[in-house]
Amino acid sequence: MADAEPIFTAVSSNAHHLYTSLQCIGFAPKATVQITSDGIRFSAEESRVVQGLVFLDKALFTSYTFNPPNTRNEEDQENNSYNPCFVVSLSALLETLKIFGVNDSSAPNAPNRATSVQPSNPATSSAFTTPALLLDRSCTLQYFQDGSPLSITLTETGVKTTCELTTYEADGGEMDIPLQRDAIIMKIIMRSAWLHNAVTELGATSPTALKISASAQEEPFLALSGSGGPFSESTVEFSVEQGSSTNAAPQPYHKVLADDGTSRARAKRAKLAPTVTETFLVSPPSSMGSRITQSYRFALIQKATRAMAAANKVSIRGDRQGVLSLQFMIDFDNGATGNVRPGGGSICSAVTFVDFRFVPLLDEEDGEGVGNLLE
Amino acid sequence: MRFRSQLTNIATFTKLTASLSSLGKVCWMRLEDGVVRFTIIPDQGTQVWAQLPVDAIFEENTYFLEANSGVVNLEVPVGALHRALRSAAGATTAQIRLTKKGNIPLLALTVLASSWTAGSNALGVTDADRPGQGPPERSGPRERETLIVQEIPVKVLHESAIDGLHEPRCRDPDVHIILPSLIQLKSISERFTKLATDATATSGSVTGLGASSPRLELSANMHGSLRLAIATDSLRISSVWTDLVNPPLDPGQLSQTEIEQLPSERMRALSDNDEAAWAKVRIDGKDWGRVLSVGRLSPKVVACFVHETALILYVYLPGSWNGEDSCLTYYINSYAA
């Protein structure tokens with residue numbers, strides 16, 4: 001087996017990036033893995049109502065080789081491409097990655113900027129870690145052939161750990177929760193820490209539902225409230241800072257959304273927007289009035305807490321049917337590790353995106369258009 | 001029967017009792033002239049036979065022992081001893097002695113500690129009723145002496161009670177090797193154990209009542225490699241350490257021909273690619289984790305593998321590497337496959 005060229009080999013000098021990204025979707029015990037020529041996609045889901053997805057771009061790795069075999073199955077003919085897809089134990093994968101650097105003296109997750117509001121990224125480097133010592137480390141992911149285990153090899157000084165994760169066949173029903181990109185009615189970009197703080201705050205009263213309420217015309221422009229718990233209802237409102245909106249006459253602000261949700265964030269700042277948001281676009285369809293409100297199971301939203309804590313930014317999107325997408329951006333490049341990466345690896349910013357999608361709770365009164373979502 | 005001594009190396013003694021207490025509740029403490037022994041024989045799991053020179057933990061000049069047979073044998077609740085010693089951290093002096101309260105024999109630990117008060121006088125009492133009269137030298141923190149006496153009830157063991165206790169004997173080991181950092185070994189072992197526990201938990205109760213902790217497979221060869229492995233349905237994981245040392249045997253104790261006949265020399269002759277060159281034992285993951293807690297003493301550890309039978313660890317405390325007489329010996333049985 002070792003003689004043959006493996007289908008897939010990827011080497012990373014920093015398993016911590018992989019760990020940080022993957023633990024965001026660690027809410028499920030198993031994950032579906034798909035290997036493509038651009039990167040690896042890990043997805044986890046629960047009961048088809050919440051889905052978490054991590055795409056590890058090949059730029060995150062120091063070397064990335066994908067050799068699709070020439071022998072093709074009939075099933076692969078539709079795209080003429082072969083992308084191995086299988087299920088592995090996510091908890092085992094995470095536990096294995098944790099072995100890497102297990103005897104580092106400093107806790108890797110200790111916040112390195114104590115004064116900052118933002119729960120900082122797991123420190124890629126700080127005054128107490130010496131990146132030079134990390135040079136002789138590597139983490140290799142390998143997949144030899146169809147049906148073989150996914151092997152993870154961690155090499156450190158004197159120790160080599162090999163973990164072979166049994167790969168299970170993906171059950172064909174794996175399906176993404178559909179987000180209608182052409183029917184996005186809400187798009188909010190802000191620092192992920194704000195969302196994390198809000199959800200943590202609301203979680204204190206253990207509510208059953210989270211209601212997101214957004215309006216471009218009247219205050220509160222953005223409010224998250226938790227309800228249905230044993231205690232009273234609580235609400236977090238993202239307010240407008242006093243100074244910035246003193247003499248700005250309230251004027252309705254509308255903008256047609258671009259269907260690709262990418263970096264048009266800094267284009268223009270809406271006047272009627274909470275201070276914390278970088279982008280605040282709310283355009284409800286006329287049937288809804290000026291305010292969008294949608295409820296989600298709080299326990300499901302909480303599954304994204306780890307991603308909220310690890311990420312720098314979050315893009316909150318909602319479509320006409322109420323499907324909520326939280327797209328998190330984790331930027332690994334605020335440490336110095338990238339600069340000393342051996343072999344002249346990419347110094348360009350290493351960014352990972354973690355996507356969460358949630359199916360809304362049906363409102364008894366106006367459930368129109370949502371009921372057929374999963375059919 | 002009398003015994004008393006000043007403690008000299010409280011930190012070491014504390015750590016020693018901590019790692020002993022993780023393996024068993026009671027410990028047989030045998031005090032002799034010049035040597036102290038600690039032995040733990042649990043119902044199940046790893047046995048420890050430790051032997052320390054008196055000066056490793058006691059101050060030799062103050063070590064006073066009086067008994068008819070010249071030996072004092074005590075059954076000590078090692079957890080209680082450990083907790084008592086913890087209060088001696090940072091002590092100026094500490095003394096331990098065998099005494100009696102009524103009919104109960106005790107080990108009394110007397111700790112003299114000094115600390116700085118936060119307040120302006122030794123007792124931390126504010127004298128508000130005498131405003132302005134405080135002499136200037138009374139302001140500011142002061143040193144305060146604290147006397148702590150900890151009493152640990154023990155049992156004095158009669159010679160007949162310990163006659164039947166013998167250190168286990170094993171055949172000559174197949175492989176002997178110096179272990180890597182126990183701290184690292186412990187953290188990796190714990191991850192493995194956790195991985196295997198998680199895996200069995202998620203795969204449902206197929207095995208039903210087999211609530212035992214997972215078995216780690218530990219193996220080593222005479223070419224400086226140590227392997228730790230575990231396998232479950234969902235994964236197979238192994239860590240391999242290389243470039244470790246297989247310590248040479250003391251030629252002063254064995255003749256050249258005797259050395260050549262040892263199983264370890266036969267194992268050395270085998271190529272390191274050969275699976276037969278690996279001596280293997282299967283050990284209980286949780287028990288192994290407790291054994292490795294001795295790593296806090298940062299010792300040198302020689303592991304002796306008796307293939308499919310037992311693992312014996314010789315733990316040498318730092319500073320006593322050459323001293324033959326300061327050694328903790330752990331006997332771990334191998335489980336059947």
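A residue counts as buried if 20 or more other C-beta atoms lie within 10 Å of its own, as exposed if 12 or fewer do, and as partly exposed in between, with the C-beta atoms placed from the backbone. By that rule, 40% of the 375 residues of chain A are buried.

This is a predicted model, in which local features need pLDDT of at least 70 and side-chain atom pairs count only at pLDDT 80 or more, while totals for chains, interfaces and linings use all residues. Residues are numbered from 1 along each chain as its sequence is written, and chains are lettered from A and ligands numbered from 1 in the order in which they are written.

**Exercise 1. Find out how chain A meets chain B.**

Begin with the rule: two residues are in contact if their C-beta atoms, placed from the backbone, lie within 7 Å. Chain A brings 19 residues to this contact and chain B brings 22 residues. On the chain A side, α2 (90-99) and β9 (159-165) give two or more residues, and β9(A) gives the most, with seven residues.

Now sort the chain A side by type. Ala, Val, Leu, Ile, Met, Phe, Trp, Tyr, Cys and Pro count as nonpolar, Asp, Glu, Lys and Arg as charged, and the others, Gly among them, as polar. The tally is seven nonpolar, eight polar and four charged.

Then follow β9(A) across to chain B. Two strands pair if DSSP finds at least two bridges between them. β9(A) pairs with strand β14 (residues 235-241) of chain B in the antiparallel sense, over seven bridges. To place yourself in this pairing, pick out Thr162(A), whose bridge partner in β14(B) is Ser238(B).

**Exercise 2. Trace the nine-stranded sheet of chain B and explain its edges.**

Walk across the strands in order: β10-β6-β2-β3-β4-β18-β17-β16-β11, an open sheet with antiparallel pairing. At the edges stand β10 (155-156) and β11 (175-178) of chain B; each has a single partner strand, so one side of each is left without a neighbour in the sheet. For a look inside the sheet, take strands β2 (residues 26-31) and β6 (residues 72-77) of chain B, which run antiparallel and are joined by six bridges. There, Leu31(B) stands opposite Val72(B) of β6(B).

**Exercise 3. Describe how the two domains of chain A touch.**

An automatic or database domain assignment sets the bounds: domain 1 (8-101 + 137-169) and domain 2 (181-358). Their contact takes 21 residues from domain 1 of chain A and 23 residues from domain 2 of chain A. On the domain 1 side, α1 (15-23) and β4 (50-57) each supply at least two residues, with β4(A) giving the most, seven residues. That side divides into 11 nonpolar, 10 polar and no charged residues.

How values were computed: Helix = DSSP H or I, 4+ residues; strand = E, 2+ residues; numbered from the N terminus.
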